[in-house]
Amino acid sequence: MAIVVSLSPELEAQLREKAAQQGQDVSFVAAKLLEAVLEWEVEDSEAAIQGIQKGLEDFETGRFRSFDDFADDQRHKYNLPADS
């Protein structure tokens with residue numbers, strides 16, 4: 001399948017440079033980069049969902065602390081003033 005994508009001159013130059021460094025066709029390198037980004041996006045979304053689910057489960061089982069306790073710990077950890 002052919003898809004036409006317009007790139008800025010700067011981005012096109014970066015893509016061509018990367019392809020040249022790898023000794024690959026620019027279309028092949030572009031396809032591989034898009035594939036990697038799309039895979040990363042799926043993995044990132046799945047990780048976010050898992051993190052949210054864990055947080056909800058922790059909350060439901062009483063494994064949490066108040067914001068004030070968290071803020072106090074952060075102030076102490078980073079030596080911040082009490083009013084921050």
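Arg75 is placed in helix H3, in a model that is predicted. Its relative accessibility is 18%, and since buried means under 20%, Arg75 counts as buried. Leaving aside residues up to four places away in sequence, Arg75 touches Leu80, Pro81, Ala82 and Ser84.

**H3 and the segment after it**

- Helix H3 covers residues 67-77, and Ser84 lies in the segment after this helix.
- Ser84 is one of the residues that Arg75 touches.
- With a relative accessibility of 47%, Ser84 counts as partly exposed, whereas Arg75, at 18%, counts as buried.
- Between Ser84 and Asp72 there are twelve residues of separation along the chain, and their C-alpha atoms are 9.7 Å apart.
- Asn79 also belongs to the segment after H3.
- The phi angle of Asn79 is positive, at about 55 degrees, although Asn79 is not a glycine.
- The relative accessible area of Asn79 is 71%, and because exposed means over 50%, Asn79 counts as exposed.

**Packing of H1 with H2**

- Helix H1 runs over residues 9-22 and helix H2 over residues 26-60.
- The two helices pack at an angle of about 105 degrees, and their axes are 9 Å apart.
- Angles of 65 to 115 degrees count as roughly perpendicular, so H1 and H2 are roughly perpendicular to each other.
- On the H1 side, the contact is made by Leu15, Arg16, Lys18, Ala19 and Gln22.
- On the H2 side, these residues meet Val26, Val29, Ala30 and Leu33.
- By type, the residues of this contact between H1 and H2 are six nonpolar, one polar and two charged.

**The largest pocket**

- The volume of the largest pocket is about 530 Å³.
- Its lining consists of 17 residues.
- Nearest the centre of this pocket lie Val5, Leu7, Leu15, Ala30 and Leu34.
- Leu15 and Ala30 are also among the residues through which H1 and H2 meet.
- Both H1 and H2 supply at least two residues each to the lining.
- H2 gives the largest share of the lining, with seven residues.
- The lining of the largest pocket divides into 13 nonpolar residues, two polar and two charged.

- Leu11 is a residue of helix H1.
- Its relative accessibility is 41%, and Leu11 therefore counts as partly exposed.
- Leu11 and Gly23 are separated by twelve residues in sequence, and from C-alpha to C-alpha they are 18 Å apart in space.
- The loop between H1 and H2 contains Asp25.
- Asp25 has a relative accessible area of 48% and is partly exposed.
- From C-alpha to C-alpha, Asp25 is 58 Å from Ala82 in space, and the two residues are 57 residues apart in sequence.
- Ala82, the partner in that distance, is one of the residues touched by Arg75.

Conventions
Residues are numbered from 1 along each chain as its sequence is written. This is a predicted model: local features need pLDDT of at least 70, side-chain atom pairs count only at pLDDT 80 or more; totals for chains, interfaces and linings use all residues. Side-chain values use heavy atoms; hydrogens and water are left out. Axes are lines fitted to C-alpha atoms, for helices over the stretch in contact, and angles run from 0 to 180 degrees between N-to-C directions. Helices (H or I, at least four residues) and strands (E, at least two) are DSSP runs, numbered from the N terminus. Angles under 35 degrees count as roughly parallel, over 145 as roughly antiparallel, 65 to 115 as roughly perpendicular and the rest as oblique. Contact means heavy atoms within 4.5 Å. Ala, Val, Leu, Ile, Met, Phe, Trp, Tyr, Cys and Pro count as nonpolar, Asp, Glu, Lys and Arg as charged, and the others, Gly among them, as polar. On a 1 Å grid over the protein atoms alone, a cavity is a set of points where a 1.4 Å probe fits but cannot get out, and a pocket is an open set with protein on both sides within 12 Å along at least five of seven lines; lining residues have an atom within 4 Å of a point. Grid points are joined across faces, edges and corners, and a volume is the space filled by probe spheres set on the points. Buried means under 20% relative accessible area, exposed over 50%, partly exposed in between (1.4 Å probe, protein chains only).
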